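Subject: A structure to look through

Dear colleague,

Please find the sequence and the structure below, and keep them open while you read.

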Amino acid sequence: MQDERRLFERLSTKLPAVVRAQTDGSVFEAQIQDLAAKGLGITSRDRIPQEGRVNLRIEIPGQKNYLNLVGQIVWSRENFPDGWRAGIWLREQSTDLVSFSVLLDKANR
């Protein structure tokens, strides 16, 4: 059995996001599949880089504003037939805790 490294519970959700890779400036649409205090999982039809820092712009359901986060891709793999899947570690200083709590609440429903 594989060791579980997560410290925080992950909640399943479906939230649209736009991701920009800081290394080359490429931008792609993604969907957040799960999220927690320190990380999130995304899927995309576009290729997701294997590593590197990214900026995420996440649509908050029922809100007019967006949550902007900075993360680090810790793994990425092709997920046939739907595209790509990746895990992103969230950099602490990027997290707006009030907006993030709204996301967690929406994901919990």
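The protein chain has 1 helix and 6 strands, and from the N terminus on its elements run β-β-β-β-β-β-α; helices (H or I, at least four residues) and strands (E, at least two) are DSSP runs, numbered from the N terminus. This is a predicted model, in which local features need pLDDT of at least 70 and side-chain atom pairs count only at pLDDT 80 or more, while totals for chains, interfaces and linings use all residues. Residues are numbered from 1 along each chain as its sequence is written, and side-chain values use heavy atoms, with hydrogens and water left out.

Of the 109 residues of the protein chain, 41% count as buried, where buried means under 20% relative accessible area, exposed means over 50%, and partly exposed lies in between (1.4 Å probe, protein chains only). Among the contacts with a separation of 6 or more, 50% come from residues 24 or more positions apart, a contact being heavy atoms within 4.5 Å.

Let me turn to the core. The largest nonpolar core has 22 residues, and those with the most contacts inside it are Ile32, Leu40, Ile42, Leu56 and Ile58. Strands S1, S2, S3, S4, S5 (66-79) and S6 (83-90) each supply at least two residues of this core. A nonpolar core is defined here as a set of buried Ala, Val, Leu, Ile, Met, Phe, Trp, Tyr and Cys residues joined through side-chain atoms within 4.5 Å. In soluble globular proteins, nonpolar side chains tend to be buried together. Leaving aside neighbours within four places in sequence, Leu40 is in contact with several residues, including Ile32, Leu56, Ile58, Leu69 and Ile88.

Which residues does Arg10 touch, not counting those up to four places away in sequence? They are Asp34, Leu35, Ala36, Gly39, Leu40 and Gly41. Arg10 lies in the segment before S1 and is partly exposed, because its relative accessible area is 26%. Although Arg10 and Leu35 are 25 residues apart in sequence, they are 5.2 Å apart in space, C-alpha to C-alpha.

Asp34, which has its place in strand S2, counts as buried because its relative accessibility is 12%. The side chains of Asp34 and Arg85 are joined by a polar contact of 3.1 Å, meaning a pair of N or O atoms within 3.5 Å; within protein, one must be able to donate a hydrogen and the other to accept it, and residues adjacent in sequence count only if both atoms are side-chain atoms. Ala36 is found in the loop between S2 and S3, and it is buried, since its relative accessible area is 3%. The C-alpha atoms of Ala36 and Trp89, 53 residues apart along the chain, are separated by 9.6 Å.

Is Ser44 buried or exposed? With a relative accessible area of 5%, Ser44 is buried, and it is found in strand S3 (residues 39-44). A polar atom of the Ser44 side chain lies 2.7 Å from the backbone oxygen of Glu29. Not counting residues up to four places away in sequence, Ser44 touches Phe28, Glu29, Ala30, Asp82, Gly83 and Trp84.

At least two lining residues come from each of strand S1 (11-21), strand S2 (27-35), S3 and strand S4 (52-59).A pocket, on a 1 Å grid over the protein atoms alone, is an open set of points where a 1.4 Å probe fits, with protein on both sides within 12 Å along at least five of seven lines, and lining residues have an atom within 4 Å of a point.

Finally, please look at Pro81, which is found in the loop between S5 and S6. The peptide bond from Phe80 to Pro81 is cis, with omega near -5 degrees.

With best wishes
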